[in-house]
Structures are given as structure tokens and as C-alpha cells.
Amino acid sequence: MLSRISRPATSTLRTAVMPTAIRSLSIQEPKKSLLTNEEGVHQTMKVSKSWRNKPLFRRQGDVRFKTGMEAANLLIREAQRRDSHEKEYIESVTATMQCLSPIFDRNPKYAFAAKTLIEPERFIQFRVAWIDDTGVNRLNRGYRVQYSSSLGPYAGSLHFSSNITRSVIHSHGFDTIFSNALTGMGHGAAVGGSDFNPIDKSEAEMQRFCQSYMTELAKYVGVDQDIPWMGKGVGPEAMGFLYGQYKRVTGKSGKGALFTSAFQNAPGFGVAHFADEMLRDKKDSLKGKRVLITGSGKIAQGVARKLIEYGAKPITLSDISGHIYEPDGITDGKLNTINQIKAERGALLGRYIISSTTAQFNHPENMLEIPCDLCIPCGPMHEIGEAAANLLADNGCTMVVEGGNGTVTPAARKVLKKRGIQYGPHTMTLTGPALMHNLGESGTDADLKAEVARVYNEVKSTATEFNVRGDLFAGSNIAGFLRVANVMMAHGAV
């Protein structure tokens, strides 16, 4: 399950038996256009008229579309018809399909690929029974959505949190299609997790839960099938318990990049590297920038560590107890103290106040009122809403870079765009784990930075190609979609 996979040889079809050496895509010759190898974006595409005449849906009569936006709206309505109760998932589909409408305008056949993508290949839900330290039988729900294997084996994160629902997993899985495809590394898309809250659990309880969870999940994961990696609430300890149980029930073993320190830091370091690329593109740098970070988990800690190396000043971190604010910035020494506190089971960030004479705790009451240059939200979904986006803008924030899945709401994205604030979407910024997994155990932070630069440049050029210059959210979705859709259409109706 956990060993490194090689990227399949470059071809239209995925060829599992012909792996090539892992190397950076940045050295490959760029295509003239993402839509076709022969034609540029400003040339006339050779589109068969038959695609214009095909019905996108055949329910209660043939349903056709004339424009790309009509196709996008039809696909959104279909997702609502099937899963109207899943708010987070519908929001993801709506935002993505609106981004893809220019593709449907230029070549209608891509709307039919998108129709297939809104339905996962497999959605697994199961009961996770475990016994707590007092001997009480406890129950949680376990999930794994295996969304697309067109580009390679399923791959994606696991999340343990009380906020996890079927809709959240569905949403994360859908977004992971484009995020993993964006890397060009031959990864499919999957996301899993449980509504289990690890914060207040003992080590023994954590182990028993992970063993119960993996006993069922082991039926569906493996090196050539599905590769889970760390996510929210699932750190090295949990992955160790999960992997131990996987070996026990399957008899298989292996060593992979999952347990290297570089991989553990990849999500946070990747987010910081993307922030650096965005600023460098504007002839600016992170040096001296005041950065407001929400959350204090592995991603937030990694972001803070790399920002300090860049010369920036992370000024906040937060958890369920509240937030800490260091007016002069969090230094390496202070961050080490915070990391030690958070490493203790059940410890909350408020304890840090005892160790610092300069830190402020829950002052001001709303941490978004603190003046900053950048904001990197690493907390739960929808952490930054419309009001929060306006508050950040009012207090001098010029860039928001997502460090968590869907932390910025669709309404907040519109506010950021209206007020001229740069926005780094999670579909782009959270590609770090997939990039590092492909680089393997020998991969370094310098390798990760180079790959981040490649991905950023591809997203930027794609946005320009499709007349949404500077819109990294649209650029990342379009680039990821085209990469997976071209392979899907070669595979036929599967």
C-alpha cells in the first residue's frame, strides 16, 4: 500500500506494465495547446459537428446544449438531482463546472467526459467498531471514495475529524481529481476518512480505532490499487497504526515515501512554496511579510517553518481553544515550543502563553482583525467566508493562499476577486503530497520547490490560454481536467 509507484510511460492510454524512470515534467517539451497537440488556442479547432448534436442527457427526452455555460448548468443540475443533500459536494461541482465552461464551448465532447467525472467509480462507506479505554463499545463511520483511476492507481489523503461527513469526503474526492491530475505524475484520485475525533483520544484508543478502520479498508487499497496518505487528523502515528494493521491482515509489506520526514512536511512546505511563486510572479518576495496562519496541525506547522526560512513573519496559529498572536512574529525557537506542545496528546495551543512573554491569546477576539500581508488558512472547510474575506481586505491583506481543502467559500472567492486580492486555490497549493510521493524517498525540498514552480507556471499559462488571466482557481481546474479527460475519452465508456 505504501510503497512508491513509478509514473507510467507517457502515452494516451495508461500502461501499467511499462513504468518509466521518475523525473521532473519540467524538462519535457511543452505542448502547443492543452486541448490538442496541433492547434493553438487562437486557431480554429477541428470539432466534429456530431458532438454538437448529441444529447448530454436522455432522461425524459433528449437534452442538448448550445453553449459551454449551458452544458455546465446541465451538469450542475444533474449533480443536484443525484446528491441534493450534499451541500459541500454541490458547491465543489458548481464552482468547477463554471470554470470548465470555456472548454465545453471550444470542444463539446469534453462535456461528456465531465458528465462521467461527477460520478465516482466507487464510494465505500462502512462501520468502524472499536472499544475505548473504559470498555465501552464505540461506533464511527468510515469512508473511502475512489473517484478516478484514469491516470493511475487511486491516491489521496485520509482525514479523521468530527467534521467529516459523506458530503465532505465526496467534495474532497472530486477536487482531488484535478489536484492530482495537475501534477502530471500518474496519480488517480481518492479520499477517505472517518468522523472519529483523535484530539481527545489516548494512544491505545487511537491504535484500536485505526486497526478497526484498516481491517475494512485493507480490502480496497494496495500499491497498484489505492495509495492513502496523511491528511487532517492523520499524522505519522496514525499512519503507523494503519500500516501495521494492513500488513497483519494482508500479509504484504513495503517501505514507501510515506514515512520520510520530507513527505510529512510536503503539504505545508508546498503551500509556502506556492505562496513564494505567486509573490515572485509579482516581482515581490516573502521576506518581511506578516502572515496570518489559521490552524496549528502538521500543515500549519510546516507552512510556518518554511515561511521563517523565507524570511517571512508568521504571526498567528490557532486551534479549538483559540488563537495566539505574536506581534513580532513566531521565530524558530517559538515554533519549536509550539510543536512540542501540540505533539502532546490532547494539548491545546493556549498552553503556549506560559512559555512566551510577548504572545497574546485570543486578543483581538477575532484573529482576522489582525493586520497582515498574507493569510494562509489551514483549518476546516469554509473557514473564510464572505465577511471574513472583506475583513482581511480591510486590514491590508493582499493574498490568500489555501492550506486546507475548501477553506475559502465560493462567496469569499468572489470578494477576493472583486477587491483585487490574489488567491491560491487548494487544487493547486495542496499538490505537495502527490509531488513528493512521486519524487520518492530521495526527493528533497529543493526538488519539491522545482516541481511547485512547474505546476504554478502550467496553471498560470492555462488561465491565460482560456482568457481568465490571473485566475489560478480556473487555471488549476482546467489544466487538471484536460489531463484526465483526454485519457478518459481514450478509454471509452468505462
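In helix α3, residues K87, E88, Y89, S92, V93, T96 and M97 meet S167, V168, H170, S171, F174, D175 and F178 of helix α5, where contact means heavy atoms within 4.5 Å and where helices (H or I, at least four residues) and strands (E, at least two) are DSSP runs, numbered from the N terminus. By class, this contact of α3 with α5 has six nonpolar, five polar and three charged residues, with Ala, Val, Leu, Ile, Met, Phe, Trp, Tyr, Cys and Pro counted as nonpolar, Asp, Glu, Lys and Arg as charged, and the others, Gly among them, as polar. The model is a predicted one, in which local features need pLDDT of at least 70 and side-chain atom pairs count only at pLDDT 80 or more, while totals for chains, interfaces and linings use all residues. Residues are numbered from 1 along each chain as its sequence is written, and side-chain values use heavy atoms, with hydrogens and water left out.

The axes of α3 (residues 87-106) and α5 (residues 166-183) come within 6 Å and cross at roughly 25°; axes here are lines fitted to C-alpha atoms, for helices over the stretch in contact, and angles run from 0 to 180 degrees between N-to-C directions. The two helices are therefore roughly parallel to each other, given that angles under 35 degrees count as roughly parallel, over 145 as roughly antiparallel, 65 to 115 as roughly perpendicular and the rest as oblique. With helix α16 (residues 472-491), α5 packs at an angle of about 80°, the axes being 8 Å apart, which makes α5 roughly perpendicular to α16. Here I177, F178, A181, L182 and T183 of α5 meet S476, N477, A479, G480, F481, R483 and V484 of α16.

Helix α3 also holds S101, which counts as buried at 7% relative accessibility (buried means under 20% relative accessible area, exposed over 50%, partly exposed in between, with a 1.4 Å probe and protein chains only). The side chain of S101 reaches the backbone oxygen of Q98 at 3.0 Å, and, leaving aside neighbours within four places in sequence, S101 is in contact with G68, M69 and A72.

Over the chain of 494 residues, 56% count as buried.

In strand β4 (residues 189-194) lies G192, which counts as buried at 0% relative accessibility. G192 and H159 are 33 residues apart in sequence but 6.3 Å apart in space, C-alpha to C-alpha.

Most residues other than glycine have a negative phi, and most peptide bonds are trans. Phi of K283, however, is near 60°, and this residue lies in the loop between α8 and β6 (290-294), exposed with a relative accessible area of 78%. Phi of N467 is likewise near 60°, in the loop between α15 (445-465) and α16. The peptide bond from H363 to P364 is cis, with omega near 0°, and P364 has its place in the loop between β9 (360-361) and β10 (374-377).

How values were computed
A polar contact is a pair of N or O atoms within 3.5 Å; within protein, one must be able to donate a hydrogen and the other to accept it, and residues adjacent in sequence count only if both atoms are side-chain atoms.
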